[in-house]
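These notebook entries record what I looked up in one structure.

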Amino acid sequence: MSATENPKTFSPSASDYINDNFTPSERIAVLVLNRRLGETTQRITTAQKAASPEFQAWLRYKNANGADIYVGMNPLKQDASTRTKDDIETIRHLYIDLDHSGSAALEAIKNSDLVPQPNYVLNTSPDKFQVVWKVEGITPEEAEALQRGMVREFEGDPAATDSTRVLRLPGFANKKYDQDFYVQARFESTQTYQHRDFKVPVDSQEAPRHHNEETVRSHRDPSATLSQSEHDWAYAKRAVARGDEPEEIIRRIADFRAGDKPDPEYYARHTVAKAQAELERKTAPTSESGQGQLGESERNY
């Protein structure tokens with residue numbers, strides 16, 4: 001990791017974090033997700049209002065009553081009412097979610113020359129981290145390619161590469177576990193980075209750590225962009241094939257689609273169930289007539 005300014009470490013409040021990462025007038029998405037009640041609330045508002053005492057008091061109330069609190073890391077267009085790729089105004093951040101062997105992956109990032117020093121490291125639960133870099137002059141396509149490259153290099157969560165991703169907001173309790181874990185952000189750098197500061201290989205189909213993973217195939221034009229549902233489907237198949245716990249796969253997909261699916265858990269369970277069924281068909285003995293093979297037309301929706 002290239003040497004950059006390393007200010008004195010401190011843990012910012014949620015308001016400090018929002019104010020440092022966005023200008024007051026930028027519109028951002030704040031997601032409030034209560035898994036126990038099956039409630040998802042998304043508020044799109046200015047960074048100034050999201051950081052205000054009144055808004056923060058509402059978030060604390062929701063958090064105390066079982067909801068997890070997230071923030072979209074890229075500002076939205078002034079007329080945006082949803083959080084889709086078309087709504088993204090500009091790319092302000094790159095990020096990676098380290099949900100497996102987090103401390104080891106964080107150390108690898110620290111010692112790597114492929115990425116600069118992060119601006120923030122969020123400790124979201126025991127040995128799990130979200131790493132954030134401030135950037136400018138990067139397109140959404142470049143951002144997602146770089147994030148996929150970092151996932152391959154540092155074994156991050158493949159579901160956390162979309163430019164519309166929401167990350168944990170520091171200062172609030174992670175409600176996914178039996179015991180609350182309060183998310184803390186460690187401030188690491190004041191730098192704002194350019195594309196040239198990231199040296200990770202991008203868009204390699206056969207990265208060493210995932211050479212045995214299934215490549216997404218489609219009969220469409222190879223230059224066409226896959227829909228998010230197709231990305232979810234491909235991810236579910238890879239995760240099931242490598243033996244990840246189904247409930248963990250469901251959790252990742254549901255968290256990722258929480259802002260744009262009316263019932264993200266049902267959608268995630270359906271996607272994972274289909275992936276499991278396909279894997280069973282592919283590994284089951286096949287008769288001479290070809291029964292048991294997956295029909296070419298079967299796709300996720």
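Predicted model: local features only at pLDDT ≥ 70, side-chain atom pairs only at ≥ 80, totals over all residues.

Entry on salt bridges.

I searched for salt bridges, meaning a side-chain nitrogen of Lys or Arg within 4 Å of a carboxyl oxygen of Asp or Glu. I found 12 of them in the structure.

I looked up the pair Lys 134 and Asp 20, whose side chains form a salt bridge at 3.0 Å, N to O. Lys 134 belongs to strand β6 (residues 128-134) and Asp 20 to helix α1 (residues 14-21), so this pair ties together parts 114 residues apart in sequence. For these elements I used DSSP runs numbered from the N terminus: helices are H or I with at least four residues, strands are E with at least two. I recorded Asp 20 as partly exposed at 32% relative accessible area, whereas Lys 134 is buried at 12%.

I then turned to Arg 168 and Asp 68, whose closest N and O atoms are 2.5 Å apart in a salt bridge. Arg 168 lies in strand β7 (residues 166-168) and Asp 68 in strand β3 (residues 68-72), so the link joins parts 100 residues apart in sequence. Both residues are buried.

In the salt bridge between Glu 188 and Arg 186, I read 2.4 Å for the closest N and O atoms. Glu 188 is buried at 12%, and Arg 186 is partly exposed at 32%.

Entry on nonpolar cores.

I defined a nonpolar core as a set of buried Ala, Val, Leu, Ile, Met, Phe, Trp, Tyr and Cys residues joined through side-chain atoms within 4.5 Å. The largest has 27 residues, of which Leu 94, Ile 96, Trp 133, Met 150 and Phe 198 touch the most other members. Two or more residues come from each of β4 (93-98), α4 (102-110), β6 and α5 (140-154). The most, 5 residues, come from α5.

I also recorded a second, separate core of 26 residues, with Tyr 17, Ala 67, Val 132 and Ala 185 among them.

Key: Residues numbered from 1 in each chain as written. Heavy atoms only, no water. Buried < 20%, exposed > 50% of the residue type's maximum accessible area, 1.4 Å probe, protein only.
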